[in-house]
Amino acid sequence: MGKSRRGHAIGFGALPLLAFAAIVFLSVQLFSMGALAPFARTFDEIRLGLSPQDPSGQILIVDIDARSLNEVGVWPWPRSYYADIIDRLLEGGAEEIAFDVDFSTRSTPYEDAVFASALERAEGKVSLATFHQDAIDAADGEAELIVNKPIDDFAQHIWPALVSVPIEQDGRVWRSLRGDLLEGEPVMALAALLAGVGGDLTQPFYIDYGIDPAGFKRISAVDILAERANLGVVAGKKVLIGASAQELRDLFSVPVHEVLPGAVIQALAAESLILGRDLKRAGGEFLLGLTVLLVFPILFCGRFDWKLRAALMVALSAGLEVGAMVLHETRPVLLQTEGAQVALLLLFGLMMAKQIGLVKILLRVSQIQTRNSRMVLGRVFEDSFDGILVVDSKAVIQIASRSAARILCAPVKAGQLARTCLPDEIYHEILEALTCCDDDTLQAKPREVHLKPADGTERIIEFVVTVSRQIATDLRFQRSQASERLATVTCRDVTDQRKATRRLAYLAGHDRVTGLINEASFSECVDAACAVPKENGRTFCIALIAVDGMDRIIASLGFSIRNHLRKALAERLDDAAETDAVIASVSENRLGLLISARSEEDILDQVHEVFEALSGDYTLTGSRIPVSISIGYALICGDVRDSSIPLRDAGNALSLAMRSGGNRVLRFEDVMHTALERRRTLEIELVGALQKHEIHVVYQPLVDLSSSTMIGVEALMRWEHNVLGFVSPAEFIPIAEESGRILELGGWILRQAMRDAMTWPAELRLAVNVSAVQFAAPGFIDVVRTALSETGFPASRLDLELTESLFVDERMDIGGTISALKALGCSLALDDFGTGYSSLGYIPRFPFSKIKIDKSFVDDVCSDEPSAAIVSSVVHLAESFGMTVVAEGIETEDQERKLRELGCDIGQGYLLGRPMQSIAIAERLRQAEAERLAQSECKLRQVV
């Protein structure tokens, strides 16, 4: 009997020990598997919230906020806006500039070029966002890392900055990266760049959200663009540019502060590094073991009352958190107390279960859960943004949320009759829902009611009425009684939403700056005009209007002047156009006009009235701007069903008017379309012309007028298309310049002409024309140097002919390129001398060795004394500067004789030799040598 009792005692004592061991094992497993992460985040968030501190003041945020979006009125912003922000921040003395903005795709070439120039001027002070994301391959289901980085035009002037942040399982951003390896290369994170720290790029750190984001100095981006901001505050600051506007959705859930913009998170991460608050989590295993050792004697010491032991365990739990808080204040450490706290909680539960019984605990837990659920549901109901009402079968309001009274602009409260406080529309919907016979046939449809509160502003309320049933229970008999029908009204104020919708609808069809209809709406009007029967006696016309030299105006007065000028043009056009005309803004530099009249003469009169009204001076922002415009117009003739055709025709006429010098009105003719189609065909065919060997070089002799000896040649390009036949250089060279193909063609003709010249039996000088586009291209010096090196042609025999159009743009570094060419040993010739406006001014400024007199002076040199005088003056001028004079276009013997008398050194023209193949040049040289030898032999015989 004694043995039996001892066995039961041992068993009773073993059960708590086994439970203790099981709890310890479970706590360790939960901690190691990361299952306690929700507890850890809760503890960490509390500590961060209780340790506020101010930022260092080194970082300033330029905020793309809602006001910036509203004032600019377009998104994404033109990249020239960002260029303006960079320039103004650097003028204000900013130390560094970092963008949390995506520049991984191209914009328009012009906008990208403006932004790239601003980056280059910043001289490495700008960082642009780089980020990576995982994409799932549909073929194999594997994740592939996609890297978004700034385009190459920007990458050469900036520091790449990684802005990706890891999002934890709770959907919040807790940590930041120091950097990462992207495509095999290390890239520092934006936070690390701003903080100026390095370290192991693979190690993330926890952001100290105790740093107050409200402590950052902020400037609205639009205030910088509008020059309203005091840029004195950016001196010596590290500036972070990012978006906080909700419309851009760059918002993340974070601890402590709930939701923050991505740029502010980057700033907080940088401040964490600057302040030495780059947090790490540690100590979890140690604290868990220590807690188990301390709790074991407390739990199993029978001397103490259970209340004292409970107090000791509570004190231990509080001590853990106090210690963790103290450590967090002094060190950048987040102590991992969750494992210890969960173990304490489970062990405390073990003790309480032993004391009062497990069933009672479970009952209490169930009651608490029920009460908490009711509290949560009640809080959700009360705090809902939507107004919610519950009305019983007697049309009495049973429940009303706080927002219902605000939305319905009436004192709605529980216990009131619905008809006394609700609008009639809502009340009738409630009655219909309560009296409907079949719940299934009642469809809940959103409806609207318009209210006019005391302030007089109309409000639009959207509401829906649904039906539910409440079952009443008789507690005396524990059985369900008959159900009662309830009507639930959910309502919301959609006034602002409707206004925004109308605003968006307006912006979809109108230009923001001018208030005119936009291109899409204009096309619809043109469609309507095309559909009008032609027999009605009306003639319709589409005119497109553009300002000549808008780029030059912007370059002089800034980008903001464009909008002022567009608005002023729209106002003048509105005054000048007929009342039934349709005017539109079809692009940033084009206005559209749709007019009708009884005859083409009336149409032309209206177009010219508009031309006269829009041309002239404009006074904008204190500046007087002389404006000339070009107008291209097309008549809607015949059976036209597609509005794009007359719009295209008017655009073609406008383009031709502007290319012809502007300041004119031009009507579209069918021949223009043919010419444009041919130009488009040539531009396409020019791409493969070299590979097809359709382009070749011919050479026109340069002859010494005193001895009639060929001393050089000019290399000329010819295009023999296999279908179109001969294409004039005057036609395809401008196309090559505009499309950029001139760079390839220019390099090719240099190499080919040098190769041919090296095969000739005499050492002739080689003249090659250089396009202004080719001369201004980066690497032109390398092209010439490479051609000379590959062919072995002596640079001293090379003459590069430059036209006067090259010298018009004073922004080009002409002097530097010319000096580099002279250093190679090349000679320079001024081609087409006399056709420009300041030819004489170029001669003393640049080291030319030859001047080529234009053919227009040679044509009349025999019959026109002024022409002869000009040639004579050029000859004497060239002699005084040690230059050679070449006369172009000699076609008659009288011209040759006259030019020789005037002192010209070299002649070129059909009289002296037409352009010919390389083999013909070689043959002509051999014949000349044979004639020279024959003459020498004849003279020798005469002497003998």
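Modeller: Welcome! Contact here means heavy atoms within 4.5 Å. This is a predicted model, where local features need pLDDT of at least 70 and side-chain atom pairs count only at pLDDT 80 or more, while totals for chains, interfaces and linings use all residues. Residues are numbered from 1 along each chain as its sequence is written, and side-chain values use heavy atoms, leaving out hydrogens and water.

Colleague: Thanks! How many helices and strands does the chain have?

Modeller: Both are DSSP runs numbered from the N terminus, with helices (H or I) of at least four residues and strands (E) of at least two. On that count, the chain has 33 helices and 36 strands.

Colleague: What share of the residues in the chain is buried?

Modeller: Buried means under 20% relative accessible area, with a 1.4 Å probe and protein chains only. The chain has 944 residues, and the buried part of them makes up 44%.

Colleague: Let's look at T817. Is T817 buried or exposed?

Modeller: T817 sits in helix 28, which covers residues 814–824. Away from its neighbours within four places in sequence, T817 touches F775, F780 and I781. Its relative accessibility is 16%, so T817 counts as buried.

Colleague: At what angle do helix 19 and helix 20 pack?

Modeller: Helix 19 spans residues 550–557 and helix 20 spans residues 560–576. M550, I553, I554 and L557 of helix 19 meet I561, R562 and L565 of helix 20.

Colleague: Which residues of helix 32 make the contact with helix 31?

Modeller: The axes of helix 31 (residues 865–880) and helix 32 (residues 893–902) come within 9 Å and cross at roughly 45 degrees. That angle makes helix 31 oblique to helix 32. From helix 31, the contact takes in A868, V871, S872 and V875. On the side of helix 32, the residues are K898, L899 and L902.

Key:
Axes are lines fitted to C-alpha atoms, for helices over the stretch in contact, and angles run from 0 to 180 degrees between N-to-C directions. Angles under 35 degrees count as roughly parallel, over 145 as roughly antiparallel, 65 to 115 as roughly perpendicular and the rest as oblique. Buried means under 20% relative accessible area, exposed over 50%, partly exposed in between (1.4 Å probe, protein chains only).
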